[in-house]
Amino acid sequence: MSWAGVVDQYRARLPVGDTQAVTLHEGNTPLIEVPQLAREIGLDARVFVKYEGLNPTGSFKDRGMTVAITMAAAAGSRAVICASTGNTSAAAAAYAARAGMKAFVIVPEGKIALGKLSQALMHGAQVLEVKGGFDEAFEVVSGVAEARPVTVVNSINPYRLQGQKTAAFEICDTLGRAPDFHILPVGNAGNITAYWMGYSEYHDEGITSSRPRMMGFQAAGAAPIVEGRRVEKPETVASAIRIGNPVSWKQAEAARDESGGAINAVTDEKILDAYKLLAATEGVFAEPASAASIAGLIALHEEKVISAGATVVCTLTGHGLKDPTTAIDVNGGSTKIPADVATAIKVMGL
Ligand SMILES: *Cc1c(COP(=O)(O)O)cnc(C)c1O
């Protein structure tokens, strides 16, 4: 039987009763071992990437959105609204279309990666760009939702995190155990909260005998949890984690502390190095924010945090094609030549 999507696959573990799922068959993403990357950075551990870019709209946001839209549709909601750095809007627009609902998305002006903006528009969402960042966009969303009957599908919607915890189930189902370390980027901090919830549920039921240390990474220019204070003007090339005041701040700190983990910062330079390294050594293309987990892996290895032989999972939150502009920029584009064999051979250095 083909994979039915996270609601039907994990229905007994989700607060959905027997509600009919609104699904695009999200989830069941590959857990890919990346030995060449590990060797390249000199790390003697088993490293896997959970390639969430292969979800239907190209990010892990689909896991939460299927549950949020399923429940909104069942409650008779006709419209959903969200603030977004891009991927939430793409997922909201797609799942709302699937459910026959209207989607409104509020995004920071000029800061949305091309792929994400195209998706929201193609799925028929009304896209409003506001001056400011995610935090300002979210204030507009909250205000509209107080005044009008629209369902907020940002991660304050508890169904989002419920859906997202299924990624932890899949990892344990695939490995037959929990990893020793789980490394992931942190923006609004919903995903680190959701993974910890998923790992803890499997552990509490005795399905797994341990839980990983949760290692979150923020971009240095947008690191409120690391600095312990709200960042007024967050800046980073990793637009999906350009967040100054995380919605799930407290829950993320709890996940960090209960798991014996850490939330640290990585610079944009290290993020972009990791972004290129992953794509070039393993053929896996993830967006810049996702590469914060690989930059984090490298930093933890340099700090000798990861013991030899450990099992490590890094979440690659979104697909590299989401942000073609950055991909082309970091490589300086292509080389232009006349349509001539001799020139081609010469330029190729063959
Ligand atoms: C949403 C998102 C994040 C951040 O996840 P949070 O739950 O907000 O911490 C990271 N990477 C990508 C690609 C995202 O879309």
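Begin by selecting A265, V266, K270, D273, A274, L277, A295, I298, A299 and E302, which line the second largest pocket; on a 1 Å grid over the protein atoms alone, a pocket is an open set of points where a 1.4 Å probe fits, with protein on both sides within 12 Å along at least five of seven lines, and lining residues have an atom within 4 Å of a point. The model is a predicted one, in which local features need pLDDT of at least 70 and side-chain atom pairs count only at pLDDT 80 or more, while totals for chains, interfaces and linings use all residues. Residues are numbered from 1 along each chain as its sequence is written, and side-chain values use heavy atoms, with hydrogens and water left out.

The volume of this second largest pocket is about 170 Å³, a volume being the space filled by probe spheres set on grid points that are joined across faces, edges and corners. Its lining has seven nonpolar, no polar and three charged residues, where Ala, Val, Leu, Ile, Met, Phe, Trp, Tyr, Cys and Pro count as nonpolar, Asp, Glu, Lys and Arg as charged, and the others, Gly among them, as polar. Colour β9 (262-266), α12 (268-282) and α13 (288-302) next, since each supplies at least two residues of that lining; helices (H or I, at least four residues) and strands (E, at least two) are DSSP runs numbered from the N terminus.

From β9, step to β8 (213-219), which pairs with β9 in the parallel sense over five bridges, and find F217 opposite N264. Strands pair if DSSP finds at least two bridges between them, and here six form an open, mixed sheet in the order β1-β2-β10-β7-β8-β9. Its edge strands are β1 (31-33) and β9.

Now select the other sheet, an open one of four strands with parallel pairing in the order β5-β4-β3-β6. Because β5 (126-130) and β6 (151-152) at the edges each have a single partner strand, one side of each is left without a neighbour in the sheet. Five bridges join β4 (102-108) to β5, and the bridge partner of F104 in β5 is Q126.

Finish at the largest pocket, with about 190 Å³ of space. Of its 13 lining residues, the closest to its centre are G132, G133, E136, K233 and R242. By class, this lining has two nonpolar, two polar and nine charged residues.
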